[in-house]
Amino acid sequence: MVALGRVTVRTTYLPPGERWGAGWYEVFTPVIVLALPLYDLVVVSLIRLSRGKSPFVGDTNHFSHRLVARE
């Protein structure tokens, strides 16, 4: 998360005349970095709701657990 903050601040607050990464980069960096955790949150919540369970009770349906189970 520190890297996300650093990149976002670095591309948003630059000295006048310096345009490093300006444009799409500063807008989409947080979205790109947070895409996998947000995907995991939505998918796990949908799995739990489809099985009739509470989305607030933990289980092993997260992406990392499923990757480990494939080994």
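Accessible areas here come from the Shrake-Rupley method with a 1.4 Å probe, and for residues only the protein chains shown count as cover. Keep in mind that this is a predicted model: local features need pLDDT of at least 70, side-chain atom pairs count only at pLDDT 80 or more, and totals for chains, interfaces and linings use all residues. Residues are numbered from 1 along each chain as its sequence is written, and side-chain values use heavy atoms, leaving out hydrogens and water.

Start with the whole protein chain and show its surface. The accessible area is about 5,800 Å², and 68% of that belongs to carbon and sulfur atoms. Of the 71 residues, 14% are buried (under 20% relative accessible area; exposed is over 50%, partly exposed in between, with a 1.4 Å probe and protein chains only).

Now switch to cartoon. You'll find 3 helices and 0 strands, running α-α-α from the N terminus. Helices (H or I, at least four residues) and strands (E, at least two) are DSSP runs, numbered from the N terminus.

Next, select L36, Y39, F63 and L67: together they form a nonpolar surface patch with about 380 Å² of accessible area. For such a patch, residues need over 30% relative accessible area and no salt bridge, and nonpolar side chains (Val, Leu, Ile, Met, Phe, Trp, Tyr) are joined within 5 Å. A salt bridge is a side-chain nitrogen of Lys or Arg within 4 Å of a carboxyl oxygen of Asp or Glu. Helices α2 (24–50) and α3 (63–70) each supply at least two of the patch residues.

Finally, zoom in on Y39 in α2 and F63 in α3. Why does Y39 count as partly exposed? Because its relative accessibility is 45%. F63 is partly exposed too, because its value is 31%. Draw a line between the C-alpha atoms of Y39 and F63: they are 24 residues apart along the chain and separated by 9.2 Å.

Definitions and conventions: Patch = residues over 30% accessible without salt bridge, like charges linked within 9 Å, V, L, I, M, F, W, Y side chains within 5 Å.
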